[in-house]
Amino acid sequence: MMQMFSTGVARDRFNELRREALNGHEILVRDSKQNNSPLISIISTDLLDAMTEKFPFSPEWLRDEDGSFTVSLKEIDIIGYGDTKEDASEVLATVAMEYAEAYFDELSFYMSSMVNRGSHYPYLRRIARCQGDLAKVMKVLGV
């Protein structure tokens with residue numbers, strides 16, 4: 001069973017709870033001053049990385065009439081294009097990094113029901129974890 005703590009207890013026992021999270025446990029934290037406040041999880045980054053790896057990208061390639069290439073990612077609704085597959089891959093990776101940055105800068109907007117792009121979160125998290133390394137992003141995208 002997952003352990004649940006108030007924010008005050010979690011603050012006082014943070015080092016202990018951090019060790020528990022590093023050992024694979026998810027720690028739940030709730031604001032005890034607000035009834036029905038949403039839960040917050042403390043979870044190992046390695047565990048979260050392993051979970052988001054279960055969201056692979058499936059690039060789809062098209063060769064245009066002029067011989068150029070277009071590659072799309074339906075998972076996050078973006079495309080890249082270029083004269084060569086390498087060019088299209090680099091454009092796609094650059095667009096993906098820019099989208100991930102905008103997404104996490106305005107997370108509440110993208111997660112809102114009005115925009116409804118919450119399903120992009122695990123994919124964009126994988127991109128953001130590459131920390132701007134174009135080659136790593138291209139590898140994650142499978143291009």
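## Around Y123

Y123 is buried, with a relative accessible area of 14%. Keep in mind that this is a predicted model. The ring of Y123 pairs with that of F55 in an edge-to-face arrangement, 5.5 Å from centre to centre and with 80 degrees between the planes. Because F55 sits in the loop between α3 and β4 while Y123 belongs to helix α6, the pair ties together parts that are 68 residues apart in sequence. F55 itself is partly exposed, at 33% relative accessible area.

## The other aromatics

Overall, the count comes to 9 aromatic pairs. Another of them joins F109 and Y110, again edge-to-face. Here the centres are 5.2 Å apart and the planes make an angle of 75 degrees. Y110 counts as buried at 14% relative accessibility, whereas F109 counts as partly exposed at 39%.

F109 and Y110 also belong to one aromatic cluster, along with Y99, Y103, F104 and Y121.

## Salt bridges

Side chains of opposite charge can pair when their charged atoms come close. Searching the whole structure turns up 5 salt bridges. One of them is between R129 and D49, at 2.8 Å from N to O. R129 lies in the loop between α6 (121-128) and α7 (134-141) and D49 in helix α3 (residues 45-52), so this bridge ties together parts that are 80 residues apart in sequence. D49 counts as buried at 16% relative accessibility, because the cut-off for buried is under 20%. R129, on the other hand, is partly exposed at 40%.

K74 and E60 make another bridge, with 3.8 Å from N to O. This pair also links distant parts of the chain, 14 residues apart: K74 is in the loop between β5 (69-73) and β6 (78-82), and E60 is in strand β4 (residues 60-63). K74 counts as exposed at 56% relative accessibility, while E60 is partly exposed at 41%. Back at D49, salt bridges with shared partners join D49, R125 and R129 into one network.

Then there's R13 with E16, whose side chains meet at 2.5 Å from N to O. R13 is partly exposed, with a relative accessible area of 30%, and E16 is partly exposed too, at 33%.

Methods
Residues numbered from 1 in each chain as written. Predicted model: local features only at pLDDT ≥ 70, side-chain atom pairs only at ≥ 80, totals over all residues. Heavy atoms only, no water. Salt bridge = Lys/Arg side-chain N within 4 Å of Asp/Glu carboxyl O. Buried < 20%, exposed > 50% of the residue type's maximum accessible area, 1.4 Å probe, protein only. Helix = DSSP H or I, 4+ residues; strand = E, 2+ residues; numbered from the N terminus. Phe/Tyr/Trp six-rings, centres within 6.5 Å; stacked < 30°, edge-to-face > 60°.
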